[in-house]
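Please consider the structure presented below. The paragraphs that follow lead from one local detail to a wider view.

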Amino acid sequence: MLREFQIHQPDTVEAASTLLAEYGLEAAPYAGGTELLLIMKEGLVQYRHLVDLKTIPGLNDLGLEGEALVIGPLATHRQLERSTLLRQHLPVLAELEAGIANARVRAAGTLGGNLCFAEPHSDPATFLMAWGASLVLGSAAGRRELPVEDFFLDVLQTAREPEEILTAVRLPLRPTTVRCSYQRFRLHERPTATVAAVLELQDGVIASARLALGGVSPVPRRASEAEAVLRDQPLDEEVFAAAAAEAGRAADPVSDIYGSAEYKRHLVAVLTRRALEAAVDHPAGEIV
Amino acid sequence: MTEQTVGVGANATRVDAEEKVNGKARFAGDLVLPGMLHGKVLRSPLPHARITRIDTAQAQALTGVVAVLTGQDIQDLSSPRYGHAIKDRPIVAVDVVRFAGEPVAAVAAVDGATADEALGLIEVEYSDLPLVDTLDKALADGAPRLHEVESLQLGLFHGLGGFQPYDNICYYHKIRQADDGLEPAFERAAIVVQGEYTFPAVYQYAMETHTVIAAWEGKSLNVWASCQHPYLVRAELADLFDLRPSQVRVIVPYLGGGFGSKSYTKMEPITAALARKAGRPVRIANRVDESMVTTRRHNMKCRMRTGATAEGRLVAREVMFWLDTGAYADNGPRVVATAADAAPGPYRWEHVWVDGWGVYTNRPPAGSYRAFGAAHLQWIGESQVDEVARRAGLDRLVIREQNLLRPGEQVRPGGKPLDADLVSDVRKLAAALDWGSPKPPGVGRGVSVGLLAAGAHPVSSAVVRLEADGTAALLVSSTEMGQGVRTVLSQLVSQEIALPIDRIRVPGGDTWMTPYDRSTGASRSTTIAGMAAHRAALDVRDQLLHMAGQVWNVSPNHLSLRAAAVWKGEEFLPYPELFKRYFGLAGGEIVGTGRVQPELGEGSYAAGPYFWEVCLGGAEVEVDADTGRVHVRRLVSVADVGQAVNPRLIEAQEMGATLQGLGNALFEEMIFSDGQLLNGTLLDYHIPTTEDMPDAFDSVLAENEDGPGPYGLKGVGEGALAAVPAAIANALADLGIHLTEMPFTPERVWRAMQRDPMNAIPLTPDRRHHKRMNQHGREY
Amino acid sequence: MLRGADERMRIPIRLSVNGQNVETLIEPRELLLDFLRDRLGLLGAKRSCDMQVCGTCTVLVGGVPVSACCTLAYEARDQEITTVEGLGGDGKLHALQRAFVAHAAVQCGFCTPGMLLSIVALLEQNPHPDREELRRYLSGNLCRCTGYWNILEAVEAAMRESEAEAG
């Protein structure tokens, strides 16, 4: 059950940040509340001050800024699954958003909230890492941008300082030779394992590869060993199999109720192979 | 007069459908009493410990807290332990906690938030006791004992003989048939299949959690409870609180699902005790994670051996199984007995040896779940029959047709002979599955047939009140938990008194008003409560004919009932008109009663069951070789119902049971470690969704009028839960994937595909427990 | 500024529930589910899993389905809320409710209000989902009794009926 708290309604990022700084550990940023309210109800955390970010205008916009697609942190999963702009530029991400949890969670839950909560089984984090997205954090002191890799520190822990809020998710637009895919294996409410692959092709050869693994470690991670196997190689079954095996080896999962470490490593290899095979058929910039 | 009477065989619309779709249907959590307090329960975090100190002073002092209950508050009761089979359960822990989740205290406050806050202010100190959290540990020589079993009394409704618990064994059951020939038979047998199997605990997950309101009126106790068996709960509450049963009133609104999870007594005693201390009505509503440690299905280890001739004739079956009943017995003994009944399967054997034990462990208590016993054993026995078929070179349907019992043959010594035409049912299944047709590559097909002892103790009564306005009330204490009992019983009544069912109202169970029914479960309501309702309706019918006979001055034999009127040739009197003529005013009433009871002195477990419920199903599956995920293409369930009162509601029950069976087979599993439930929320325990549905499902009805109910009907609704997982197991075996541990998760299937098929573990005849039985000189 | 436990800060809110205007004070911590059930007596929305998985607490906020058990009443301010009691009108059932009744899509009834509202919301956005889309969307609403077949049939029947009316 929820203990008592106040709700504050800032109208700028700076005002929100000031409130968070003022109340310190007693305050939390509040957007969709899909994870926050749950842990508050269970008594795992107690906050006497919720800073409602939804009263800050402009934080749920999607738009193109130069060479990047910029997504506001308060864009809900529902908004993203329906966004024509997103479907035009990154249909794989729109599809991913459509598959998160259920329609009610998608209606309230935000991309920013999902990323900042840093649940290890989070879907978007894996894809954003493979894509090479960056996150903009804002406070009364200003803004800073960091790559997704540097954002996730541990289970439920990110690089966001308590007085910062996420203000933008930036996805660089990539050439049409880029292919991507997102694969996941789900038996429970949250997926057991997720793999995202982003390949840049040149003349039938993999010019560069970015692979991210999610759900099988405290934070999503790049499978750099597997990426190395793919670089400068042709689109080839054996190449894919070798990269998949490497990704499985590199994953360092723990045995838990989702499955044994051995099985999760195997799943990573399977999902990697499938992601690579599917990526070939999925131009990043075409409406699927 | 143009309304149609809706009787037996009609797909009548549910009488409760409208209020369930418009949000007006009331469940226990929707009811409010004046002055009602909100109750919350403090539960032990430890699975086995002594309570060394409990301090509730701070909690009591919190504004808005009216009462805090601990074990001290029940010391005035002469018998503060309950349990319908074994009275081993204290209302709230007194000195020892035996499972993680056991209630240690309870708070009643003006609102839930205050009660919740008060829980955090109760100080409890524990000192660990040795952990006995698994079957192996509980059965080990010298294992610490959970209970001082010598001091335990059998409960009011044990019903299985005078077995006295010992060590950590709460119950033992055996079946023997020509057992001195068992070993020689196995030695001679050309085909012997043996294995060890593991069956998981699952959570029934009725979507409405256990919810109880208790209110004392002087020395009388009123309870509104989400319970399936109001009369049994009444008896136990009366016993606990030193009352006469008639001083306890149990009222049952709609249940948001039951499936056995709300059978017998669950949260009623603690709610009543808290209300007693508070001096005001109290409602306690479990959260889902609380309900998951209130009841669950028994997990099980089993060893089974099947012997057959080279031609596939089944000869000998030996089974030993251990059911983990958790810290308190609940319905454990009955589950053991029913599982023993299901262990041989519906086959003709020369030799049968079954031993079953119910074992106490430091885990939450296990109780009833749909098709218990049969769900536990059918998949194992049927997998061995399939293996015999493979080794004998026989089609898996042919081996069954050859070995299945025929109607009238003995199922178990002393018990009711088989009352179903299983061979004909199997042929229906084969047709629905298109058994002989070529299978696409990578597709496995399997079937399974079994029996579930159904009916429980057959005592039930009903009253039909026909009123002067031509409407009737059917008073029964069957619980409407979704199965459609109010509708089906209305149809039985409408059949006899020619009244449309929308003129028959069926209020919920209320022990002050609705007459005695033993329970709602064991597939007994349409058959047994239905027979009572049928007899009550016949009584009303007789009275109507008699009254009309007097009014018309003719013999009742010349009269009939049709379309809510009495008819003499072309002349008719609608009931209200008949009443006016007979009673002389627009008033009066006809009351009909009906009752079912066993033969004098009968109704025992040993002579039963009341009928054998048929558990018959088929499956077609495919497996993703990469991940081991099983894809179910098709499921078929055969419902052998004798006579279908409402075919569409039967089909609806079959659909629900089938999907529960699929969930049980493929992914549902409560995972314990050191007595702690690791996946106690719906985030970590997956309930089947629309995406888990099979591609196709067929429900087949068999109506052979061979049941003990009205028109030869018999119960249905559980069989699929035993048959579907068994059929899936056999469909996987058809693909060379042999699993001895359920659920068949992707990981287990994947691992099975990595190793050799059917690497059976030799059965070591562990007769320790038999020796102990002989030492105590008890023969059972 | 911190407040003592017995001084409860309340927020005034205005909202519309099933077409009726409501003006009241709420505590920030008040959950929408409890507000609807305990304050407004709209008992159709139920509590089961209490963590947004099962869907029994589904209500529509501005036509969008939310888990009322995990939504603050605060989020309903200036919104139009629809509960199961607001489906249909003039004492008549909504076409979907009628279809549920006709196709035996109701058993215990506990999931039914949430299920109905979820489907109503879907059909507003997408009047003609095929069975695959329907299954995918409804995978967020649990039912332990029906096995879902009759629910899907009921939805498709309701869709056919509304097409027939329109055509």
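Which residue of β3(A) does Ile7(A) stand opposite? In this predicted model, the residue facing Ile7(A) is Leu50(A). The strands β1(A) and β3(A), the latter covering residues 49-52, run parallel and are joined by three bridges.

This pair belongs to an open sheet of three strands in chain A, with the order β1-β3-β2 and parallel pairing. At its edges stand β1 (6-8) and β2 (27-30) of chain A, each of which pairs on one side only. On average, and with direction ignored, neighbouring strands of the sheet are turned by 30° against each other. In general, the strands of a sheet pair through backbone hydrogen bonds, in either a parallel or an antiparallel manner. Helix α1 of chain A, formed by residues 13-23, lies across β1, β2 and β3 of that chain.

The description now turns to chains B and C. Here 38 residues of chain C are in contact with 40 residues of chain B. On the side of chain C that touches chain B, the elements giving two or more residues are α2 (95-102), α3 (112-125), α4 (131-138) and α5 (149-166) of chain C. That side of chain C comprises 21 nonpolar, twelve polar and five charged residues.

Technical notes
Residues are numbered from 1 along each chain as its sequence is written. Chains are lettered from A and ligands numbered from 1 in the order in which they are written. This is a predicted model: local features need pLDDT of at least 70, side-chain atom pairs count only at pLDDT 80 or more; totals for chains, interfaces and linings use all residues. Two residues are in contact if their C-beta atoms, placed from the backbone, lie within 7 Å. Helices (H or I, at least four residues) and strands (E, at least two) are DSSP runs, numbered from the N terminus. Ala, Val, Leu, Ile, Met, Phe, Trp, Tyr, Cys and Pro count as nonpolar, Asp, Glu, Lys and Arg as charged, and the others, Gly among them, as polar. Two strands pair if DSSP finds at least two bridges between them. Axes are lines fitted to C-alpha atoms, for helices over the stretch in contact, and angles run from 0 to 180 degrees between N-to-C directions.
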